[in-house]
Amino acid sequence: MGEASVIVSSAQVEGEVTLGEDNVVQPLALIKAVNGPVVIGTGNVFEERCVIKNNLPLQEDGSRPTLVIGDDNHFEAGCQVFAKSVGSGNRIRANAILAPMCDVGSHCVVTAGKHVGAGVQLRDYSVVYGASGEMRSSEAPHEAADELRLLRDFLRKTLPMYHKCREAP
């Protein structure tokens, strides 16, 4: 667990998981390394009931794949991430699903309840939206990094007031 990170005790972090600095893991979130390690960068927010799980199949040479998550991502309540990789600056909205073996670039948005299928590759600045999960590209910023920083600061201060949190080793 990196410096300035907050993990609420009711969250589950299991297996070979490396958390960078300034991450927030909220109640009932699950981050689990099943078939390989999970490596998480800095400044991510994992909301209630989100699931991050590396259950990717073993590689051809028998080695265990690593699920790498970049920096400054926001994983909203109830989302499920089984992807091969997630870049930086992404917003995975409530109840969205990233299926196994999909790759998510950077600065992408997957809107609430949308499903990104197995093996799909989202290029940088992709947006998944609409009733049937249409995709488009957008160079416009979708959420300022300052807003995510403010949210992290707020959560780091308030979560320990209402929840038991784990101490950094």
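Me: What makes strand E2 and strand E5 a pair, and in which sense do they run?

Reply: Strands here are DSSP runs of E with at least two residues, numbered from the N terminus. Two strands pair if DSSP finds at least two bridges between them; E2 (residues 12-14) and E5 (residues 30-33) have 3 bridges, so they qualify, in the parallel sense. Glu14 stands opposite Lys32 in E5. By the way, this is a predicted model: local features need pLDDT of at least 70 and side-chain atom pairs count only at pLDDT 80 or more, while totals for chains, interfaces and linings use all residues. Numbering starts from 1 along each chain as its sequence is written, and side-chain values use heavy atoms, with hydrogens and water left out.

Me: Why are E2 and strand E17 called edge strands?

Reply: The open sheet of 6 strands is ordered E2-E5-E8-E11-E14-E17, with parallel pairing. E2 and E17 (115-116) each pair on one side only, which makes them the edges.

Me: Which residues touch the most other members of the largest nonpolar core?

Reply: Ile52, Phe75 and Leu98, out of 30 residues. A nonpolar core is a set of buried Ala, Val, Leu, Ile, Met, Phe, Trp, Tyr and Cys residues joined through side-chain atoms within 4.5 Å, where buried means under 20% relative accessible area with a 1.4 Å probe, protein chains only. A second, separate core has 8 residues, including Val24 and Leu155.

Note on methods. Helices (H or I, at least four residues) and strands (E, at least two) are DSSP runs, numbered from the N terminus. Buried means under 20% relative accessible area, exposed over 50%, partly exposed in between (1.4 Å probe, protein chains only).
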